[in-house]
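Hi everyone, thanks for coming. Let's look at one structure together and take it step by step.

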Amino acid sequence: MRGVETRIQEIRRKIFREVARMAYHTEWPTDRRIEALPYEIIPGEVGNYRNDIFLERAIVGERLRLAMGLPCRNAAEHSPVSDNIEAALREETYYTPPLINIIKFACNGCKENHVMVTEGCQGCLAHPCVEVCPKDAVSLDRYNGRSVIDQEKCIKCGRCIDVCSYNAIIRQVRPCAAACGVDAIHSDKNGKANIDYEKCVSCGQCLVSCPFGAIADKSQIFQVIRAIQAGERVYAAVAPAFVGQFGPKVTPGKLRAAMKQLGFADVFEVAVGADLCAAQEAEDFVEEVPEKLPFMGTSCCPAWSMMAKKMFPEHANSISMALTPMTLTARLIKHHQGDVKVCFIGPCAAKKLEAMRKDVRSEVDFVLTFEEMAGIFDARHVDIASLPEDPNGVNDASTDGRNFAVSGGVATAVVNVIKERYPDREVKVTKAEGLRDCRNMMMAAKAGKYDGYLLEGMACPGGCVAGAGTMQPIKKSAAQVGLYAKQAEHVTASGTEYVKELDKLVD
């Protein structure tokens, strides 16, 4: 639903904006303010979205808590929205699991897999749906001649769907479950969606696929702002998928000016870290494949790499151990700037999960999505497009580094480095986007189909431009990233200045 402004987006943006305002107004008692906000966000006496204004406010209350980095409340305990608000008031609060949360009373309890006859049924004479059903689950309604499916007998094989001339029989699948490439979502005892956190890799695709807005992730909006207010030097590391996310007229220079207006010390493009990552993975591939490893998978997408390691533990060492662009950019910043904080700003929910890891916490202090960042701009009434250009708004990143944001870009960057450094080395590549296709790619690799290959995995269909924290249509974003990437002074990662510092950052 990216690029389509729905009621869900409207509510979510309001919540991000109000949490940011609450962080800026230090004179406001946070506990009282968060209790009042559901009434301000959902005003009046009649529900606007669900016909029950009390339910709407309860859902907003949960979303406010998650946006503050707090856990969902236990509905049975009837605790206030401000319960344990003190935990959010610390300047630095790391994300605590679970990151992705289902607000149970917002869930519609959609059926997991339901085959049904629609009003489109014409009651035809042939009734092939009846003839092909292996369980005699389809019969005729003698009153109107239409088909009827006995759900007790139906095995969801879909044969009736395939033979209907009018496409009048459909399969309904719970949207969040359909979007989950690791099959982590099922029904609880009450028919509500439930996440198996042993399987979940926090890609966030369920979050953007739920049409009821029942799924939300935690945020650090409040903590980032309070850290800046406390005098911390916070540097923004902005992912290359930012192009177009904050408006068609927002250039890198304008975005840098806007970030500095908010109090960030400076802005770095994570495409710089992507160049470093490409260089490191290129060397690892040449050294290890096929002598030590049958194949190598890229490392930059944390949801893909976690899925591969969880589901295929015997090949966990075949997923690159190279540091991700986010981590390398953060290390680069701290290497040059000293004792500072780094806030990664990007399209990805799974980067929040990556930042939880103990080996990453010392590098990345905060993670925000583009959508959360937009809430901060809104809270401060920052009109980015109207700001003057900051002349230092563009970093020395390559075309390949910026193209990490789109499917195929990571593998291309790695291959181009290898071609430059080892011109006689042949590199075979395959890629997958979406975790379901990534699983299939790993199964084929496990069977030996991709021996000697470089495997690129992207959890989100389309690449990082399709991450859960993006705000514009995926194809449009991919096209804009491509245009921006072409403006780089260097084509490949090897040509950039920062790549010369790789050894200092990975020792």
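Axes here are lines fitted to C-alpha atoms, for helices over the stretch in contact, and their angles run from 0 to 180 degrees between N-to-C directions. Helices (H or I, at least four residues) and strands (E, at least two) are DSSP runs, numbered from the N terminus. This is a predicted model, where local features need pLDDT of at least 70 and side-chain atom pairs count only at pLDDT 80 or more, while totals for chains, interfaces and linings use all residues. Residues are numbered from 1 along each chain as its sequence is written, and side-chain values use heavy atoms, leaving out hydrogens and water.

So, at what angle do α10 and α17 cross? The axes of α10 (residues 270–288) and α17 (residues 409–421) cross at roughly 65 degrees and come within 8 Å.

Now the inside. A nonpolar core is a set of buried Ala, Val, Leu, Ile, Met, Phe, Trp, Tyr and Cys residues joined through side-chain atoms within 4.5 Å; buried means under 20% relative accessible area, with a 1.4 Å probe and protein chains only. The largest core has 160 residues, and Phe246, Phe264, Met373 and Phe377 touch the most other members. Helix α10 gives this core its largest share, 11 residues. A second, separate core has 12 residues, Cys129 and Ala168 among them.

Last stop: Asp266, in strand β10 (residues 266–269). Is Asp266 buried or exposed? Asp266 is buried, because its relative accessible area is 17%.

Technical notes:
Buried < 20%, exposed > 50% of the residue type's maximum accessible area, 1.4 Å probe, protein only.
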